[in-house]
Amino acid sequence: MTTPLSFYPSESIARKFDQTTRERLADSLTYLADVCSEAIELPPLELDQALDRIRTQSILPETLAAYYELGNAIQNNDFDFAESLFQEILESKPAGEALEVIPFRSPDTDRRSKRYLNQVDTDQKNPFNIFPASQDDFDRAEQLINEALDLLETESPDLFAEIKALLKRVMLGSGPTEKGLHTFDGASAPGLWGAIVLNAIEPKDAVDMAQTLAHESCHNLLFGYCIDDRLVNNSDDERHGSPLRIDPRPLDGIYHATFVLARMHYAVATIALSQELSPELKQKAQQEMEQRKIGFYDGLSTLKKYADFTHQGKALIDAAEAYMNDAVTNLPQTSA
């Protein structure tokens with residue numbers, strides 16, 4: 001797959017990644033159906049129609065997550081479960097055009113929430129602590145998402161279009177309030193292509209939420225760049241300090257954090273002068289730009305010291321650095 005490399009938001013690149021993801025999914029399902037043909041009998045016409053639908057129409061994140069479960073079930077010779085997952089995938093409906101905000105519910109009783117949690121809770125040393133949000137917190141966060149998207153559509157239409165191309169679902173939950181437990185701002189995973197999980201109580205206003213959406217959607221974008229390649233060649237066992245985490249992270253995670261910080265800077269810079277923002281929020285936007293700048297160059301220094309970049313990884317981070325260098329020099333400042 002040959003993909004243009006760009007720091008700047010691109011709806012066309014996002015849609016290309018979505019198309020490639022669906023084509024690879026369909027190809028893999030074809031292979032798995034053949035491998036399991038003696039244990040699982042799938043109606044050929046139904047299979048062909050479903051695979052054609054996956055190749056030609058956007059899918060829900062749950063469909064890809066079910067595929068990951070299917071692979072594990074087949075590896076474990078759990079063919080009864082595998083058959084039910086095949087059927088679920090074959091019967092799955094295409095994703096709609098609208099970005100849907102959905103609640104995280106108890107994973108003990110809600111299959112979708114359990115599926116999302118399984119995809120993002122992958123670090124045994126740092127469990128992903130998420131709980132259902134209160135209705136008030138859910139409603140407030142959903143309203144902020146709508147406000148942030150409206151703001152981006154007006155002030156940053158390219159970023160808005162890319163986010164809408166990348167995301168189908170936003171799941172809202174709540175982090176723990178007890179001291180000593182790790183909380184979260186947001187999460188995403190390759191097995192949840194098209195979805196992000198957000199902490200409903202963290203964003204306080206549209207400036208926060210615009211950055212949060214830019215942040216987590218950008219992780220999806222970078223997953224797209226890694227369909228056929230990597231960003232760095234370093235082993236995941238190699239750990240260093242990260243600008244967005246208190247715990248040492250693999251170089252791939254630091255790369256993500258650094259690139260994402262530049263995108264968060266871009267997002268807040270494009271809305272900083274909006275007439276829709278109050279003087280207080282304009283001032284906050286300026287402060288946030290400064291914090292994103294500090295975080296970016298912190299992460300970049302770690303990458304330059306330790307990262308073994310792939311060709312595309314080097315090109316992308318160089319593009320992010322070029323943006324930041326230009327922004328620091330040329331972006332206008334505003335006053336409250």
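This note goes through the predicted model in numbered points, from the overall fold to single residues.

1. Basis of the values. The structure is a predicted model, in which local features need pLDDT of at least 70 and side-chain atom pairs count only at pLDDT 80 or more, while totals for chains, interfaces and linings use all residues. Residues are numbered from 1 along each chain as its sequence is written, and side-chain values use heavy atoms, with hydrogens and water left out.

2. Overall fold. The chain holds 11 helices and six strands, where helices (H or I, at least four residues) and strands (E, at least two) are DSSP runs numbered from the N terminus. Its radius of gyration is 20 Å, close to the 20 Å that the globule rule gives for 336 residues, so the chain is as compact as a globular protein of that length; the radius is taken over C-alpha atoms, and the rule is 2.2 Å times the number of residues to the power 0.38. Along the principal axes, the C-alpha trace spans about 70 × 45 × 40 Å.

3. Of the 336 residues, 52% are buried, the classes being buried under 20% relative accessible area, exposed over 50% and partly exposed in between (1.4 Å probe, protein chains only). Among contacts (heavy atoms within 4.5 Å) between residues at least 6 apart in sequence, 77% join residues at least 24 apart. The chain exposes about 15,900 Å², of which carbon and sulfur atoms supply 47%, with areas from the Shrake-Rupley method and a 1.4 Å probe, only the protein chains shown counting as cover for residues.

4. Charges. There are 31 positive and 55 negative side chains, and the centres of the two sets lie 3 Å apart. Lys and Arg count as positive and Asp and Glu as negative, with His and the chain ends not counted; each charge is placed at NZ of Lys, CZ of Arg, CG of Asp or CD of Glu.

5. A search of the whole structure finds 17 salt bridges, each defined as a side-chain nitrogen of Lys or Arg within 4 Å of a carboxyl oxygen of Asp or Glu. One of them joins E11 and R15 (3.0 Å, N to O), which are four residues apart in helix 1 (residues 11-35) and therefore separated by about one helical turn. Both ends are partly exposed, E11 at 34% relative accessible area and R15 at 36%. In another, the closest N and O atoms of R115 and E88 are 2.5 Å apart; this pair links distant parts of the chain, R115 in helix 5 (residues 111-120) and E88 in helix 4 (residues 79-90), 27 residues apart. R115 is buried at 4%, whereas E88 is partly exposed at 25%.

6. D205 and K284 form a salt bridge with closest N and O atoms 2.7 Å apart, and the partners are 79 residues apart, D205 in the loop between strand 4 (195-199) and helix 8 (206-225) and K284 in helix 10 (residues 279-306). Both D205 and K284 are buried. Separately, salt bridges link E62, E100, R112 and R169 in a network.

7. Helix 5. The buried residues of helix 5 are S113, R115, Y116, L117, Q119 and V120. These residues pack against helix 3, helix 4, strand 1 (100-103), strand 2 (169-173), strand 3 (186-187) and strand 4.

8. A backbone detail. N77, although not a glycine, has a positive phi of about 60°. N77 is found in the loop between helix 3 (61-75) and helix 4, and is exposed, with a relative accessible area of 55%.
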